[in-house]
Amino acid sequence: MGVIKDKFKEKAEQANTEIKELLKEHGNKVIGEVTLAQIYQGMRGITGLVSETSLLDAQEGIRFRGYTIPELQEKLPKVEGGSEPLPEGLFYLMLLGELPTQDDVEHVTGVWQRRSHVPNHVFSTIDALPLHTHPMTMFVTGIMALQTESNFARMYAEGMNKKDYWDPTFDDAMDLIARLPRIAAYIYRRKYKFSKHIQPNGLLDWSGNLAHMMGYNDPGFHELMRLYMTIHADHEGGNVSAHTTHLVGSALSDVYQSLAAGMNGLAGPLHGLANQEVIKWIFELREQIGSDSPTKEQIAEYVQATLTSGKVVPGYGHAVLRKTDPRFTAQMEFGKKHMPDDPLVQTVWNVYEAVPPILESLGKVKNPWPNVDAHSGALLVHYGLVEYEFYTVLFGVSRALGVLASLCWDRALNMPLERPKSVTTALVKRWLDGEDEVWDK
Ligand code: NMX
Ligand code: MLT
C-alpha cells in the first residue's frame with residue numbers, strides 16, 4: 001500500500017471508532033427543526049449531511065479542515081519561486097486532516113503523474129461528439145468513458161467484503177484525479193485549437209501540467225491555475241456538485257459514476273456554469289455600449305436591464321454566504337498583484353461596486369455580494385483564455401479534489417444509502433387540517 005493510503009486507513013479506523021462512540025452516546029440528540037417552508041424551498045438551513053473536508057460559515061466563508069484561504073496561501077507548500085499553494089497539498093489536507101510537508105506534496109504530485117495515463121478509447125469517445133458540444137458535456141462523457149477502469153466496479157463484481165470498499169474507492173479517486181487534467185486539456189485543444197494536442201510534461205506539478213497541456217506557458221497563468229485549483233476545490237457538502245457526488249456514491253456507484261453525476265450538477269447556470277455566464281454577460285455589456293471600459297453608471301443601467309428581463313445577475317448571491325466570498329477576494333488580490341490595469345479586471349471591480357446596492361434594493365435577495373464566479377473569468381481572459389464555455393471544466397477539475405476526498409471518507413465510514421423522506425402537498429394539507437401523525441404514513 002502507498003504511504004498516503006496507509007495513513008488514510010489509520011485515520012479512518014480512528015474516526016470510525018470515534019463516530020461509533022459518539023453515536024452510541026449522543027445519537028438521539030436533536031440538532032434542528034424543519035419548517036414547512038424549508039421543504040419547499042431547497043432545504044436551506046437544514047443540517048442533514050456530514051462532510052469532513054471543509055466547512056462554510058455564512059459570514060466568514062470557507063475553511064478547509066479549519067484553514068481559511070489566506071492561511072492556506074501561507075501554509076501550504078508551493079513550487080520553487082511560486083507564491084500560490086499547490087492544490088496537491090490541499091488534497092492531502094482535505095483527505096488526511098493535517099498540513100503536508102513539501103515532501104508530502106511532491107509525493108502526491110509524483111503519484112498523480114504515474115497514474116495519469118488515459119486510455120485511447122476515452123479520447124475516441126470524446127471525438128465522437130460533434131464539435132459544437134458544450135465542453136461540460138464532453139467532460140462528463142470523458143469521465144464516464146473512463147469508468148471502464150474502475151477498480152471498485154471490477155472488485156465489486158468479483159465479490160468484495162464491505163469492509164474493503166474504501167480501498168478500491170481510494171485507488172479510483174487517485175486515478176481519476178490524476179487523469180482529469182489530460183481529459184480537460186484534450187477537450188480544450190480539440191474544441192478550440194484544431195485538435196493540436198500537447199503531450200503531458202512529467203516534470204510539472206498537477207495544475208502546471210494542466211496549463212501546459214492546454215498550451216499556456218506564462219508562469220503567471222501557472223500560478224493562477226494553482227490558486228484557481230485550490231479555491232474551487234470544496235465548499236462543504238451541501239452544494240449541488242458535492243451533494244450529488246455523495247448521493248450517487250451512496251448507492252455504491254463508483255467514483256467515475258459519482259463524479260460524472262456531480263459534474264452534471266456543476267454544469268447548471270445557478271452553480272458552476274455561472275463562471276461562463278459572468279464573462280458572457282460582461283462581453284455583451286461591452287458590445288452594447290461599444291467600449292471595453294463601461295462606467296459605473298452604464299454598469300448600473302445594464303444590471304437594471306438584466307433584472308427587468310427576468311434574469312439573475314450572474315456571479316452574485318449565494319445560498320449560504322452572506323458576505324463577499326473570500327474566494328472572490330483571493331482572486332481580486334491576485335488581480336491587483338498581476339494585472340491591476342487590465343480593463344476587464346477593472347470592470348469586474350466596478351461591477352462589485354455597482355451590483356450589491358441594486359440587489360439590496362430589491363428587498364428579497366438574501367446575499368447581494370459576489371461569489372467565486374464573479375471574478376474567475378476575467379483573470380483567465382487576461383492570459384488569453386477567452387473561450388468562456390470552457391471555464392466550468394476548470395471548476396470541475398478542481399472540485400474533483402474535494403468531492404473525491406469526501407467520497408473516500410464516505411466509503412471508509414461506511415456511510416449508508418442516502419434516502420430522505422418526501423411528502424406530497426395533499427399530505428401537507430391533511431396535516432394542516434389537523435390530522436395527526438401524517439408524517440409516519
Ligand atoms: N440576481 C437577481 N436575483 C437574485 C440573485 C441575483 N444574483 N440572487 C438571488 N436572487 C433572487 C432569487 O432569484 C430569488 O428570487 P425569487 O424569490 O423571485 O425566486 C430571491 O432573490 C431570493 O433568493 P436567495 O434566497 O437570495 O438565493 P437562493 O439561495 O435561492 O439562490 C443563487 C442562490 C446562487 C442560486 C442565487 O443567488 C443566484 O441565482 N445567483 C446568480 C447565479 C450564480 O452566481 N450562481 C453561482 C453560485 C456559486 N457557485 O459557483 O455555485
Ligand atoms: C460552490 O462552490 O459549490 C458554490 O459556492 C455553491 C454552494 O456552496 O452552494
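Student: How many cavities of 30 Å³ or more does the count come to?

Tutor: Some ground rules come before the count. This is a predicted model, where local features need pLDDT of at least 70 and side-chain atom pairs count only at pLDDT 80 or more, while totals for chains, interfaces and linings use all residues. Residues are numbered from 1 along each chain as its sequence is written, chains are lettered from A and ligands numbered from 1 in the order in which they are written, and side-chain values use heavy atoms, with hydrogens and water left out.

Tutor: Now the general idea. Rolling a probe the size of a water molecule over the atoms shows where empty space is left. On a 1 Å grid over the protein atoms alone, a cavity is a set of points where a 1.4 Å probe fits but cannot get out; a pocket is an open set with protein on both sides within 12 Å along at least five of seven lines; and lining residues have an atom within 4 Å of a point. Grid points are joined across faces, edges and corners, and a volume is the space filled by probe spheres set on the points. By this rule there are two cavities of 30 Å³ or more.

Student: What volume does the largest cavity have, and which residues are the closest to its centre?

Tutor: The volume of the largest cavity is about 150 Å³. It is lined by 17 residues, and Val50, Ser51, His246, Ser406 and Asp410 are the closest to its centre. Helices (DSSP runs of H or I, at least four residues) and strands (runs of E, at least two) are numbered from the N terminus. The elements that give two or more residues to this lining are α12 (240-249) and α19, and α19 gives the most, with five residues.

Student: How do the residues of the second largest cavity's lining divide by class?

Tutor: For classes, Ala, Val, Leu, Ile, Met, Phe, Trp, Tyr, Cys and Pro count as nonpolar, Asp, Glu, Lys and Arg as charged, and the others, Gly among them, as polar. The second largest cavity has eight nonpolar lining residues, no polar and no charged ones. Its volume is about 50 Å³, and its lining includes Trp281, Pro314 and Tyr316. The most comes from α14, with three residues. The lining of the largest cavity, by class, has seven nonpolar, six polar and four charged residues.

Student: Which element gives the largest share of the lining of the second largest pocket?

Tutor: That is α1, with ten residues. The second largest pocket holds about 840 Å³ of space. There are 28 residues in its lining, and the closest to the centre are Ile19, Lys20, Leu23, Leu413 and Met415. Two or more residues each come from α1 (3-26), α9 (166-192) and α19 (391-412). By class the lining has 13 nonpolar, six polar and nine charged residues.

Student: Turning to the ligands, how many residues surround ligand 1?

Tutor: A residue is near a molecule if one of its heavy atoms lies within 4 Å of it. For ligand 1 there are 20 such residues, the closest being His271, Gly315, Tyr316, Lys364 and Asp373. A polar contact is a pair of N or O atoms within 3.5 Å. The side chain of Asp373 has an N or O atom 2.5 Å from an oxygen atom of ligand 1, and a backbone N or O atom of Tyr316 lies 2.7 Å from a nitrogen atom of the ligand. Arg44 places a polar side-chain atom 3.1 Å from an oxygen atom of ligand 1. Accessible areas come from the Shrake-Rupley method with a 1.4 Å probe. Taken alone, ligand 1 exposes 900 Å², and the protein buries 75% of that.

Student: Which residues surround ligand 2?

Tutor: They are His235, Asn239, His271, His318, Arg327, Phe395 and Arg399. His235 has a polar side-chain atom 2.7 Å from an oxygen atom of ligand 2. An N or O atom in the side chain of Arg327 is 2.7 Å from an oxygen atom of this ligand, and for the side chain of His318 the distance is 2.8 Å. Ligand 2 taken alone exposes 270 Å², of which the protein buries 85%.

How values were computed
A polar contact is a pair of N or O atoms within 3.5 Å; within protein, one must be able to donate a hydrogen and the other to accept it, and residues adjacent in sequence count only if both atoms are side-chain atoms.
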